[in-house]
Amino acid sequence: MKLKLILLVFLIFVACYKFAGRDVNFDVQPHRFDSCTQPANISELSWAITKPGVTSVAVYVTKVGEPETLWSSGPLIGTLKTGAWVSDGLTFVLRDQNNNFLARRTVDTTRCVGAEFGE
């Protein structure tokens, strides 16, 4: 009986942990590029919002020190594919219809292995 209770509590904890705070799902793939491929990087953004009160979203792009620029807006579930303009440090910001912050994802690059040796 004790083991069943412990197992039940554990399963409830896992379920709550897995779904807690998941009313905003925002992903950028790939979000990391090899710097050897710069600057021709293309990413796909996807989102699914179930946050109460949110009726639409807007996607902004920005880099450090620059203002956010509106890129697209649309429904609560969607995907967008970038052109070959994604580069290191580019940040995608997801906002709701009232311009409230929902999520942020930043693209980065890894070192170009071999480039420093002329390969």
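## Ground rules

Because the model is predicted, local features need pLDDT of at least 70 and side-chain atom pairs count only at pLDDT 80 or more, while totals for chains, interfaces and linings use all residues. Residues are numbered from 1 along each chain as its sequence is written, and side-chain values use heavy atoms, with hydrogens and water left out.

## The fold at a glance

Let's start with the overall layout. The protein has one helix and nine strands, and along the sequence they follow the pattern α-β-β-β-β-β-β-β-β-β. Here helices (H or I, at least four residues) and strands (E, at least two) are DSSP runs, numbered from the N terminus.

Of the 119 residues, 28% count as buried; buried means under 20% relative accessible area, exposed over 50%, and partly exposed in between, with a 1.4 Å probe and protein chains only. The accessible surface comes to about 8,100 Å², and 62% of it belongs to carbon and sulfur atoms. Such areas come from the Shrake-Rupley method with a 1.4 Å probe, and for residues only the protein chains shown count as cover. Among contacts (heavy atoms within 4.5 Å) with a separation of 6 or more, 58% are between residues 24 or more positions apart.

Two strands pair if DSSP finds at least two bridges between them.

## Strand β7 and Arg95

Strand β7 deserves a visit of its own. Six of its six residues are buried, so β7 is largely enclosed by the rest of the structure. In a regular strand the side chains alternate between the two faces of the sheet. In β7 both faces are covered: Thr91, Val93 and Arg95 are buried on one side, and Phe92, Leu94 and Asp96 on the other.

How buried is Arg95, in relative accessible area? Its value is 15%. The Arg95 side chain makes a polar contact with the side chain of Glu68 at 2.9 Å. A polar contact is a pair of N or O atoms within 3.5 Å; within protein, one must be able to donate a hydrogen and the other to accept it, and residues adjacent in sequence count only if both atoms are side-chain atoms. Setting aside neighbours within four places in sequence, Arg95 is in contact with Ser56, Val57, Ala58, Tyr60, Glu68, Asn100, Phe101 and Leu102.

## The three-stranded sheet

A further open sheet holds three strands in the order β1-β3-β6, again with antiparallel pairing. Its edge strands are β1 and β6 (77-81), each pairing on one side only, and the twist averages 10 degrees from one strand to the next. Six bridges join β1 to β3, and Gln29 has Glu44 in β3 as its bridge partner.

Asn25 lies in β1 and is partly exposed, with a relative accessible area of 32%. Beyond four places in sequence, Asn25 touches Ser46, Trp47, Ala48 and Ile49. Asn25 and Ile77 are 52 residues apart in sequence, and their C-alpha atoms are 9.4 Å apart.

## The nonpolar core

The largest nonpolar core has 18 residues, of which Phe26, Leu45, Trp47, Ile49, Val57, Phe92 and Leu94 touch the most other members. Such a core is a set of buried Ala, Val, Leu, Ile, Met, Phe, Trp, Tyr and Cys residues joined through side-chain atoms within 4.5 Å. At least two residues each come from β1 (24-29), β3 (44-49), β4 (57-62), β7 and β8.

Take Ile49: apart from neighbours within four places in sequence, Ile49 is in contact with Asp23, Val24, Asn25, Val54, Val57, Leu76 and Leu94.

Definitions and conventions. Axes are lines fitted to C-alpha atoms, for helices over the stretch in contact, and angles run from 0 to 180 degrees between N-to-C directions.
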